[in-house]
Amino acid sequence: MTGTPVLLVDDHSLFAQAVEIGLRAAGIPARRVEPRSSAEITAACSAAAPATVLLDLRLGTEADGVPIEGLDLVGPITTTGCRVVVVTGESGDDTWGTAVERGALTVLPKDTELETLVQVLTAVREGRPVLDEGRRQDLLAAARRMRADAEVRLAPFRSLSPREDEVLCSIAAGMPAAAIAAAAYVSEATVRTQIRAVLTKLGVTSQLQAVALARRAGWLERSTTPN
């Protein structure tokens, strides 16, 4: 087990190269995996299993511009038989807790000293625990709180009908009622009725407030913007 490699999955070349050099100097076989796509990262980890993977949470974008989210890769990489240690510049116990929830053995900040990183990796590769149980439970609780808060924040938007959701997205895109009506082949009066329904369900009094609320809640990123 101690001879298994360490894979570095990070889109910051200088950081990854520095860590690779430092780990090799400490006698730990390490190599970088270029984060070109989520599929390629998972395949590389599968081929190297049971490797230990140092995984960043922000990994740039794929060729089509889709972000590569390290948080979404924790589970798939763990499923390959690899062990995941998240090393990130992201802060927040909720994000860290989500990573642990999905299978990461621990989460370290990017400014962790090399000596500490080597100690953690040595313990991981020897099968020893690397995250205090009390701290683990705190992180998991933070992740649960984040989800509960999100449910409360998004509940009003989930009460919208599909058509009302489309209208909200159109408003957010800057379309006036007349243009929304023309695009949907309905009357402007119908659209204005739908807009009033959106405002009522969201508990706001203007379209600007509705859009601002949707942006703060992250709803527009979850919704499908109409053509």
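Because the model is predicted, local features were taken only at pLDDT of at least 70 and side-chain atom pairs only at pLDDT 80 or more, whereas totals for chains, interfaces and linings use all residues. Residues are numbered from 1 along each chain as its sequence is written, and side-chain values rest on heavy atoms, with hydrogens and water left out.

The structure holds one cavity of 30 Å³ or more, and the volume of the largest cavity is about 70 Å³. On a 1 Å grid over the protein atoms alone, a cavity is a set of points where a 1.4 Å probe fits but cannot get out, while a pocket is an open set with protein on both sides within 12 Å along at least five of seven lines; lining residues have an atom within 4 Å of a point. Points are joined across faces, edges and corners, and a volume is the space filled by probe spheres set on them. The lining of the largest cavity consists of Leu8, Val9, Asp10, Phe15, Val19, Leu54, Leu55, Asp56, Val87 and Leu117, to which strand 1 (6–9), helix 1 (13–25) and strand 3 (52–55) each supply at least two residues. Here helices (H or I, at least four residues) and strands (E, at least two) are DSSP runs, numbered from the N terminus. This lining divides into eight nonpolar, no polar and two charged residues, where Ala, Val, Leu, Ile, Met, Phe, Trp, Tyr, Cys and Pro count as nonpolar, Asp, Glu, Lys and Arg as charged, and the others, Gly among them, as polar.

The largest pocket has a volume of about 280 Å³, and its lining comprises three nonpolar, two polar and seven charged residues. Helix 3 (70–79), helix 4 (93–101) and helix 6 each supply at least two of the lining residues, and helix 4 gives the most, with three. Among the residues that line the pocket are Leu71, Asp72, Glu101, Met146 and Arg147. The C-alpha atom of Glu101 is separated by 9.9 Å from that of Ala141, 40 residues apart along the chain. Ala141 lies in helix 6 (residues 133–158) and is buried, with a relative accessible area of 19%; buried means under 20% relative accessible area, exposed over 50% and partly exposed in between (1.4 Å probe, protein chains only).

In helix 3, the buried residues are Gly70, Leu71, Leu73, Val74 and Ile77. They lie on the same side of helix 3, because they cover an arc of only 145° around the axis, the arc being that of the directions from the helix axis to the C-beta atoms. These buried residues pack against several elements, including helix 2 (38–48), strand 4 (58–61) and strand 6 (83–88), with contact taken as heavy atoms within 4.5 Å. Just after helix 3, Gly81 takes a positive phi of about 105°.

In helix 8 (residues 177–184), Ala177, Ile180 and Ala181 are the buried residues. An arc of only 100° around the axis puts them on the same side of helix 8, and what covers them includes helix 7 (162–172) and helix 9 (188–202). Tyr185, which follows helix 8, has a positive phi near 60°.

With a disulfide defined as a pair of cysteine sulfur atoms within 2.5 Å, the count comes to zero. The sulfur of Cys45 is 5.0 Å from the closest cysteine sulfur, in Cys82, and is therefore too far for a bond. Cys45 is buried at a relative accessible area of 0%, and Cys169 also counts as buried, at 4% relative accessibility.
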